[in-house]
Amino acid sequence: MRELSLHILDVVQNSLGAKASVIEINIEENIKKDLLIIEIKDNGSGMDEKMTKKVMDPFFTTRTTRKVGLGIPLFVHAAKSCGGDFKIQSEKGKGTAIEASFVLSHIDRAPIGSMADTMVSLVAMRPDVDFVYRHCVGDQVFILDTQEIKKTLQEVPLNNPMVLDWIKRFIEDNLKEINGGA
Amino acid sequence: MPVIKSMEELEKIRKQAKDMINLRVDNETKTRIVVGMGTCGIAAGARPVMLAILDELKKRNITNVIVTETGCIGLCQYEPLVDVIQPDHPKVTYVNMNPEKAREIVVKHIINNQVVDEYVVPNI
Ligand SMILES: Nc1ncnc2c1ncn2[C@@H]1O[C@H](COP(=O)(O)OP(=O)(O)OP(=O)(O)O)[C@@H](O)[C@H]1O
Ligand code: FES
Ligand SMILES: [Mg+2]
């Protein structure tokens, strides 16, 4: 995939498939350590130990429509080919956490791409799910928490087109801000 | 701080959007547009397709349509896939979508009630 934000959309799709109601997305750009860390946590149905071990194998999937599961192996490959690492932790009935790391300056590292587009797509498709997106660049932090937005909106649905436009701009403006306002 | 300004703006949006709510229809009677969001779908361009559909619906002021996602349905070679499900009509599956074709489907199928045959899944 051309953007890491597309891998994020894809992996969050697994969380939605596992019936998660709260999904956390953390992105940390650590310039000093030259490290990019992407973490996705959900409170979905989780996996037992045996299954957790298998998910990095492309020939494992619980789907019935296709024989291979591609989402996680592709993300693992993206991380490992950029001097990074990949970890997955899961507990049946509790949820799943995955963490992919990348050498920030690695020449093969795909750009993060549009997190605004990924978040708007997710919120539009699943306004019922709570998303917490946290993005750090150095010591600057930005948080988008749909639970907070829902509180402000009251009876207005999160997937209202005007609200989606606001979310897109809110993310884009804040990412610019934490990247030094460039 | 731009952050604070944005939150104030959200409050304004809430007041505007509140007036639209009364016009909402029951979920069961709504048309559903379902975008395939499995790995192949996303890799083939499902995200821009989804965003184009949302944008076209907004531009044309269509509020009685639900846009949602589904996982892999086993037609990966035809991704991006878009289903249009209207109450009392058989489901229509559109294949090899891109943002332009998806906008065309909103106009022709959703607004003018005409299935766009040339984009429908071939017999398999
Ligand atoms: N967050 C999660 N919670 C519970 N189970 C998960 C989670 N992520 C992955 N899995 C399990 O691991 C399997 C493999 O995931 P992976 O994303 O690699 O492939 P897939 O989702 O099956 O197919 P694809 O991503 O190619 O459309 C899934 O079928 C699912 O059973
Ligand atoms: S990923 Fe969409 S049909 Fe397979
Ligand atoms: Mg997957």
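A: With helix 3 of chain B, whose buried residues are B:Ala46, B:Arg47, B:Val49, B:Met50, B:Leu51, B:Ala52, B:Ile53, B:Leu54, B:Glu56 and B:Leu57. Buried means under 20% relative accessible area, exposed over 50%, and partly exposed in between (1.4 Å probe, protein chains only). Before going on, note that this is a predicted model, where local features need pLDDT of at least 70, side-chain atom pairs count only at pLDDT 80 or more, and totals for chains, interfaces and linings use all residues. Residues are numbered from 1 along each chain as its sequence is written, chains are lettered from A and ligands numbered from 1 in the order in which they are written, and side-chain values use heavy atoms, with hydrogens and water left out.

Q: How enclosed is helix 3 of chain B by the rest of the structure?
A: Helices (H or I, at least four residues) and strands (E, at least two) are DSSP runs, numbered from the N terminus. In helix 3 of chain B, 10 of the 14 residues are buried, so the helix is largely enclosed by the rest of the structure.

Q: What span does helix 3 of chain B reach from its first C-alpha to its last?
A: The expected span of a helix is 1.5 Å times one less than its number of residues. Helix 3 of chain B covers residues 46-59 and reaches 20 Å, close to the 20 Å expected. After this helix comes B:Asn61, whose phi is positive, near 60°.

Q: Is B:Glu56 buried or exposed?
A: B:Glu56 is buried, at a relative accessible area of 5%. This residue is found in helix 3 of chain B. Contact means heavy atoms within 4.5 Å. Leaving aside neighbours within four places in sequence, B:Glu56 is in contact with B:Arg103, B:Val106 and B:Val107.

Q: Which side chain meets B:Glu56 in a salt bridge?
A: A salt bridge is a side-chain nitrogen of Lys or Arg within 4 Å of a carboxyl oxygen of Asp or Glu. B:Glu56 pairs with B:Arg60 at 2.6 Å, N to O. B:Arg60 is partly exposed, with a relative accessible area of 42%.

Q: Where do B:Lys58 and B:Asp55 lie?
A: Both are in helix 3 of chain B, three residues apart, about one turn of the helix. B:Lys58 is partly exposed at 31% relative accessible area, and B:Asp55 is partly exposed at 24%.

Q: Which residues are linked in a network of salt bridges?
A: The network links A:Asp165, B:Asp55, B:Glu56, B:Lys58, B:Lys59, B:Arg60 and B:Arg103. Over all chains, the count comes to 23 salt bridges.

Q: What area do chain A and chain B bury between them?
A: Buried area is the accessible area (1.4 Å probe) that two parts lose on being put together, summed over both. Here it is about 3300 Å², with 66% on carbon and sulfur atoms. A:Met125, A:Met162 and A:Trp166 supply 18% of the area that chain A buries against chain B, more than any other three residues. The contact takes 40 residues from chain A and 34 residues from chain B.

Q: How many salt bridges are there between chain A and chain B?
A: The count is five. In one, B:Arg47 meets A:Glu3 at 2.7 Å, N to O. Helix 6 of chain A gives the most to the side of chain A that touches chain B, with 10 residues.

Q: Why does the pair of B:Arg14 and A:Glu155 join two chains?
A: The two residues form a salt bridge, with the closest N and O atoms 3.1 Å apart. B:Arg14 lies in helix 1 (residues 2-21) of chain B and A:Glu155 in the loop between helix 5 and helix 6 of chain A, so the pair joins two chains. B:Arg14 is buried at 9% relative accessible area, whereas A:Glu155 is partly exposed at 42%.

Q: Which residues does a cis peptide bond join?
A: B:Glu79 and B:Pro80, with omega about -10°. B:Pro80 is in the loop between strand 2 (65-70) and strand 3 (82-85) of chain B.

Q: Where is B:Asn96 placed?
A: B:Asn96 is in the loop between strand 4 (92-94) and helix 4 (99-111) of chain B. Its phi is near 45°, a positive value in a residue other than glycine.
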